[in-house]
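Consider the structure shown here, with its sequence.

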Amino acid sequence: MPTRAALSHIPGPPLPPLVGHTLTIARDSYGTQQEYIRRYGPVYKTKMLGVWRVNLCGPDALEYVLLDQEKNFSSEGGWDALRKIYPGGLILQDFDKHRMNRRIMTAAFRASAIREYRARMEQTMNDLLLSWPRERPFDFYAAIKDLTLRMGGAVFMGLPLDGALAQKINRAIKNEIRASVTPIRHAIPFTPMWHGVRGRDFLRNTFRDLIAERRETGGNDFFSQMCVATDDDGHAWDEEQIVNQFNLLIMAAHDTTATSLTVMMSALGSHPEWQRRLVQEVADLGDVPLDEDALAKMTETDKVFREALRLVPPVPFIPRLALRDFHWQGFDIPAGTSLALNPGVTMLSPDLYTSPEGFDPDRFSPERAEDRSHRFAWTPFGGGAHKCIGMHFATMQVKLFVATLLRRNRVGLPYGAPEWQRMPIPKPKGGLPLVLRPATALRRAA
Ligand code: HEM
C-alpha cells in the first residue's frame, strides 16, 4: 500500500486528524465528491477507514479502468473487504481465473434457464404479493427486501417458500450482507462481523449438503443449474467452487434489485403521470402470462428502471487495486494504490445528462438517448470483464414485479418521497412508507 508521501503529487482535501475523510464522506458522500471534483479535478486522493485511495472520476476513468486493456487493475484487490464473507466469488477473481469461472457461471444464465426461473418467479411473486397490506401504510423497503429474499429461496435454491430451512437461510444471508459493510472487520463476539461469519459457515455447510442431491435430480433453480453448469469445453465446478460462487451470487442479486424497486415505487408515487403510463402499459399487455414476449413490450417500465438506476445506483462506487504503476490524466499512480471509480456521481453529471438531478425517464427514449452520450455514461451495472452477469435477470425480475403489482394495485406515498442515504449501501432514510389501493376501487371512484 503506497504511503502518503508516494501520493503527495495527487491533489486532495486537507486531512482531518484521526478519522481522515471518513466522516465527511459518510455524512454526504455525493455532495462531498461533487465538491472535491470541482476543487481538485477528476483525480484526487482521500483517506477512508485508514486507507489512502485515489478517486478516478468520470466516464473516461470508468472506461479506462473497467476495460483494463493492460491488465493493470485487480477486482480481487479492490473488493478485498468482501473476502472474509465471500471467498472465491467471481468478483474476487481476476483475469484468466475469472474468465474461466465466469464462463461456467454463464451456463446458469443462458436464455432457457432464465425462462425457467421466470415461470417460477411469476407464480411465487403473485403468491407473496397477495399477502401485502392494502389501504394502510407499510414500509415498502422492508417488504420488498423480504419478498426478494423469500423469492430467492424458491427461485435461487428451489426451496418451499416458507419452509424452516428457507427462513434460516434468509437470516444467514441478511447477516452476511450486514457484515460485508460493517466498519469493524474483526469477528469480535456479537458484532455484525461475528454474526456474518456464522451465517457464512451455516450457508456453506447447507449448500454443500445439497450438492449431491441436486447433481442427481437437477432442477430449474439457480443452485441446481450451477451444480451441473459447464463451459463450452465441459469444465464444471467442484463442491468448494459451487459453494463459493453461489454464496456471492445471492448477495449480489438481493439488495441491488430491492433497492431499485424501492426507487421506482417512490418515483411512481411522486410522479402520477408516470404511474399512469406504466398502468396503461401493463393494461395493454392484456390478461396474458408475463412471459418473455409480454415483458419485452414493457418499454416504458424499462425507462423508469433505467432512470431509477441512474438516480440511485445500488453500487455507486466500484473499487479496484492498481497492480502496476500507471499514468492517467497527467498523474503517475504507483502500484498498490486503492482506486475508487464513481458511477454514482458520474450519472449525475450535467456534462452527460440534462437536469441530471430530475426524474425524467424519457431521457432514455431513442430520440434523446442521453445514456449514449458516452460509452460509459450509464454504468449502474459496471462494465468490462466484471460487468454484472445478472443484468438481464434483474431487468426481468423488475418488470415482472411492476406488472404483477400494477395489475391489481395503485401506489401512493402517504408521507412523500424519502431522502436517500448513499453509503455504505444506498437505502431510504426511514424506509419507504407506501399505500397500495386496489385498482378496481380506484376505477369505480373515477
Ligand atoms: C439492479 C440490480 C443490480 C445491479 C445494479 C448490479 C450491479 C452490479 C455491478 C455494478 C457489478 C460490477 C462490480 C464490479 O465491476 O466491481 C455487478 C457484478 C455482479 N453481479 Fe450484479 N447487479 C444487480 C443484480 C444482480 C443480480 C440479480 C445478480 C444475480 C442473479 C447479480 C450478480 C452479479 C455477479 C455474480 C457479479 C460479479 C460478476 C463478475 O465479477 O464477473 N447482480 N453487479
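What follows moves from the nonpolar cores to a helix crossing and then to the strands.

This is a predicted model, in which local features need pLDDT of at least 70 and side-chain atom pairs count only at pLDDT 80 or more, while totals for chains, interfaces and linings use all residues. Residues are numbered from 1 along each chain as its sequence is written, and side-chain values use heavy atoms, with hydrogens and water left out.

A nonpolar core is here a set of buried Ala, Val, Leu, Ile, Met, Phe, Trp, Tyr and Cys residues joined through side-chain atoms within 4.5 Å. Buried stands for under 20% relative accessible area, exposed for over 50%, and partly exposed for what lies in between, with a 1.4 Å probe and protein chains only. The largest nonpolar core has 103 residues, and the members that touch the most others are Trp132, Phe140, Phe246, Met265, Phe393 and Phe401. The greatest contribution to this core, 14 residues, comes from helix α11 (residues 239–270). Helices (H or I, at least four residues) and strands (E, at least two) are DSSP runs, numbered from the N terminus. Contact, meaning heavy atoms within 4.5 Å, shows what surrounds Met265: beyond its neighbours within four places in sequence, Met265 is in contact with Phe140, Phe401, Val402, Leu405, Val411, Leu413, Leu432 and Leu434. Another core, of 20 residues, lies apart; Leu7, Leu62, Ile333 and Phe376 are among them.

Next comes the helix pair. Helix α6 (residues 111–130) and helix α16 (residues 391–408) have axes that come within 10 Å and cross at roughly 35°. Axes are lines fitted to C-alpha atoms, for helices over the stretch in contact, and angles run from 0 to 180 degrees between N-to-C directions. On the α6 side the contact includes Ile114, Tyr117, Met121 and Met125, and on the α16 side it includes Phe393, Met396, Phe401 and Leu405. By class, the residues of this contact are 11 nonpolar, 3 polar and 3 charged; Ala, Val, Leu, Ile, Met, Phe, Trp, Tyr, Cys and Pro count as nonpolar, Asp, Glu, Lys and Arg as charged, and the others, Gly among them, as polar.

Leu130 belongs to helix α6. Leu130 is exposed, with a relative accessible area of 59%.

Now the strands. Two strands pair if DSSP finds at least two bridges between them. An open sheet of 3 strands, with antiparallel pairing, has the order β4-β12-β9. Because β4 and β9 stand at the edges, each with a single partner strand, one side of each is left without a neighbour in the sheet. Strand β4 (residues 138–139) is joined to strand β12 (residues 433–438) by 2 bridges, with Phe138 opposite Leu434 and Asp139 opposite Pro433. Strand β9 (residues 409–412) pairs with β12 over 4 bridges; there Asn409 stands opposite Pro438, and Gly412 opposite Val435. From β9, Asn409 and Val411 point one way and Arg410 and Gly412 the other, and all are buried.

A second open sheet is formed by 5 strands in the order β1-β2-β8-β5-β3, with mixed pairing. Its edges are β1 (43–48) and β3 (73–74), each with a single partner strand, so one side of each has no neighbour in the sheet. β1 and strand β2 (residues 51–56) pair in the antiparallel sense over 6 bridges, and Val43 has Leu56 as its bridge partner in β2.
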